[in-house]
Amino acid sequence: RVAGIIGAAAARAGDAALGEVARVAALLNASDRRKVEEHDYDAILPALTALGRPAGWTDAAAGDGDVPGVARLVPWVFNSLHFLYDDDGVLGRGHAAALRAFVTAAADGDAAWTRLAATLLLPHVRAGLGSSRPSARAHCVGLVAHVVR
């Protein structure tokens, strides 16, 4: 439960912006309380839709706090990379769209955005091109195509 750890660190530091990142991370990983090992789409989809727009990423990076701007986005990037490999096609496509929105935000951002995309996202996308899962490979190809555009 990484979201809980981030939330506890944000509460201890009084960092509201990081607290919001933790809240959204928890929503992105919500489990259905009625069914074992099922996703809670009612919680996940609104949060995922918000990350499907570049503003969802830039707004989170803009807030003040102890953790500087784009560094707050690392949990969301890793979460979205993880879900590219999920067997659920809806979540895979949604997180691929979120990562495309992140790339768009990074293209319009400053050097810190570009550095985060180049050092965090792209190496994992490159590794995903060799995945044995066809859907994950397709998402990674789509991300590379989006970067090139």
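Helix 7 passes helix 8 in a left-handed crossing; a crossing is left-handed if the near helix is turned anticlockwise from the far one by less than a right angle, and right-handed if clockwise. Helices here are DSSP runs of H or I with at least four residues, strands are E runs of at least two, and both are numbered from the N terminus. The model is a predicted one, in which local features need pLDDT of at least 70 and side-chain atom pairs count only at pLDDT 80 or more, while totals for chains, interfaces and linings use all residues. Residues are numbered from 1 along each chain as its sequence is written, and side-chain values use heavy atoms, with hydrogens and water left out.

To return to this pair, helix 7 and helix 8 pack at about 135 degrees, and their axes are 8 Å apart. The axes are lines fitted to C-alpha atoms, for helices over the stretch in contact, and angles run from 0 to 180 degrees between N-to-C directions. The two helices are therefore oblique to each other; angles under 35 degrees count as roughly parallel, over 145 as roughly antiparallel, 65 to 115 as roughly perpendicular, and the rest as oblique.

Which residues in helix 7 and helix 8 meet? From helix 7 they are Leu122, Val125 and Gly128, and from helix 8 they are Ala136, Arg137, Cys140, Leu143, Val144 and Val147; contact means heavy atoms within 4.5 Å. By class, this contact of helix 7 with helix 8 has seven nonpolar residues, one polar and one charged. In that scheme Ala, Val, Leu, Ile, Met, Phe, Trp, Tyr, Cys and Pro count as nonpolar, Asp, Glu, Lys and Arg as charged, and the others, Gly among them, as polar.

The loop between helix 7 and helix 8 holds Ser131. Ser131 is buried, at a relative accessible area of 11%; buried means under 20%, exposed over 50%, and partly exposed in between, with a 1.4 Å probe and protein chains only. Apart from neighbours within four places in sequence, Ser131 is in contact with Tyr85, Ala136 and Arg137.

Let me turn to Val147, a residue of helix 8. Is Val147 buried or partly exposed? Val147 is partly exposed, with a relative accessible area of 37%. Not counting residues up to four places away in sequence, Val147 touches Val103 and Leu122. The C-alpha atoms of Val147 and Val103 are separated by 6.6 Å, although these residues are 44 apart along the chain.

Helix 6 and helix 8 pack at an angle of about 20 degrees, with 10 Å between their axes. That angle makes helix 6 roughly parallel to helix 8. The crossing is right-handed.

Val24, Leu27 and Leu28 in helix 2 meet Ala43, Ile44, Ala47, Leu48 and Leu51 in helix 3. By class, the contact of helix 2 with helix 3 has eight nonpolar, no polar and no charged residues.

Trp76, in helix 5, is buried with a relative accessible area of 3%. Leaving aside neighbours within four places in sequence, Trp76 is in contact with Glu20, Val21, Val24, Ala25, Leu28, Leu51, Gly56, Trp57 and Ala60. Trp76 and Val21 lie 55 residues apart in sequence and 7.7 Å apart in space, C-alpha to C-alpha.

Helix 5 also contains Asn79, which is buried with a relative accessible area of 10%. Beyond neighbours within four places in sequence, the contacts of Asn79 are Leu28, Asn29 and His95.

Finally, the core. The largest nonpolar core has 42 residues, and those with the most contacts inside it are Trp57, Leu73, Trp76, Val77, Phe102, Trp113 and Leu121. Such a core is a set of buried Ala, Val, Leu, Ile, Met, Phe, Trp, Tyr and Cys residues joined through side-chain atoms within 4.5 Å. Helix 6 gives the most to this core, with nine residues.
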